[in-house]
Amino acid sequence: MAQPASNAARPSSAAILLKYGIDVKEALDYGTFQKTCVQIFGTNEVEKHEWRVREVFELFDANADDVLTEQELHRCCNWIREIVNPVNVLLVVDVQNDFIDGTLALRNAGYGQEGTEVIEPINRLLNNGRWNKVIYSQDWHPHNHISFFENLAMRELHSESKVTKEIAKPFDTVVFSQPYLKQILWPRHCVMNTWGAELHKDLLILSSSERIYKGQHSDKESYSAFEKEADGSSKLEKILSSIGATHIYVCGLAYDVCVKETCLDGLRLGYSITVIDNSCRGVKPDDIIMAKKLIIENGGSVACTDRVLSMVNEGKCSLVMAHRTARIIREKNIL
């Protein structure tokens, strides 16, 4: 099993500049910046994403004079330091019995998806990746959860609901009155402390990992692992903040539901997100395509297991993730 990545102190800005042949006393023009990007990302990556290179430079060039000096250059160095010395987190979403062999098994949805297919590539990531942290999320519902079709009689529907109690069936969408909520009706699944809520027996569980339990409030649906707690905080955000996480790699089930929502929330919160395509399965192929499209449109990236392992183990950098990081640094005005 691969050893966890080191959390040693990151190199200084001066060390970063020296490594890439940049003189802090001189202005950095676009030509030199582009050559630096070639050193970091490789010629093919820069040629493929030339517009991203240009936009990153412009993000740091606050006064638009085509050179980076002083604070602009310092901000650029922070960017380089973060992308060549990332804090990498693997987030394994909901690889639970009920989504694989139980009441919400993907194979029973009729769209050709098989939940067990994620286990081998995820275990490979767990065995071989040098992660700073591994986090598993689990749906963890009370027996009276609002999303369960079996609990429909427990709550009143709003007059806006086009589907009534009399005609409702699993996977229909209704509108509840109290609380006012538009909700898909799922078969009862992942009830806390039951077999269905357990992580699959073949999934490798690292002793140094963390767990996130979501969907514990009976009147609230929670797809994202970034679910807010009663006090407005998020356990996942607390964990990520405590280790200074910069790059989050997401895999698991279901691609077009909880994986998608977790990725989109992570992007909104300012993380560089990559979804590991061959380590996810979803409900509907068309919805999976749309999920990937939304993730990409919001600044995330999609990669396969081999590519991810090359990034976390060999230091290969993604220009797509680096572009996202530059936007985050600029938006937060990190100096």
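Modeller: The account below goes from the whole chain to one strand, and then to the elements and loops around that strand.

The model is predicted, so local features are described only at pLDDT of at least 70 and side-chain atom pairs only at pLDDT 80 or more, whereas totals for chains, interfaces and linings use all residues. Residues are numbered from 1 along each chain as its sequence is written, and side-chain values use heavy atoms, with hydrogens and water left out.

The protein chain contains 12 helices and 10 strands; these are DSSP runs numbered from the N terminus, with helices being H or I of at least four residues and strands E of at least two. Along the principal axes, the C-alpha trace spans about 75 × 45 × 35 Å. Of the contacts with a separation of 6 or more, 73% join residues 24 or more positions apart, a contact being heavy atoms within 4.5 Å.

Buried residues account for 53% of the 335. Here, buried means under 20% relative accessible area, exposed over 50%, and partly exposed in between, with a 1.4 Å probe and protein chains only.

All 7 of its 7 residues are buried, so β4 is largely enclosed by the rest of the structure. The cover extends to both faces: K133, I135, S137 and D139 are buried on one side, and V134, Y136 and Q138 on the other.

Strand β4 has parallel partners. With β3, residues 88–93, it pairs over 5 bridges, pairing being counted where DSSP finds at least two bridges between two strands. In this pairing, V89 stands opposite K133 of β4. Strand β7, residues 210–214, is also joined to β4 by 5 bridges in the parallel sense, and here S137 faces I212 of β7.

Helix α7, residues 119–128, belongs to the surroundings of β4. Its buried residues are I119, P121, I122, N123, L125 and L126. These residues pack against β4 and β3, and also against α6, β8, β9 (272–281) and α11 (305–314).

Some loops call for a closer look at the backbone. Most residues other than glycine have a negative phi, and most peptide bonds are trans. D94, in the loop between β3 and α6 (97–100), has a positive phi of about 55 degrees although it is not a glycine. D94 is also buried, with a relative accessible area of 0%. F171, which lies in the loop between β4 and β5, likewise is not a glycine and has a positive phi of about 80 degrees.

The bond from Q178 to P179 is cis, with omega near -5 degrees, and P179 sits in the loop between β5 (173–176) and β6 (181–184). The bond from L253 to A254 is cis as well, with omega near -20 degrees; A254 is part of the loop between β8 (247–253) and α9 (255–268).
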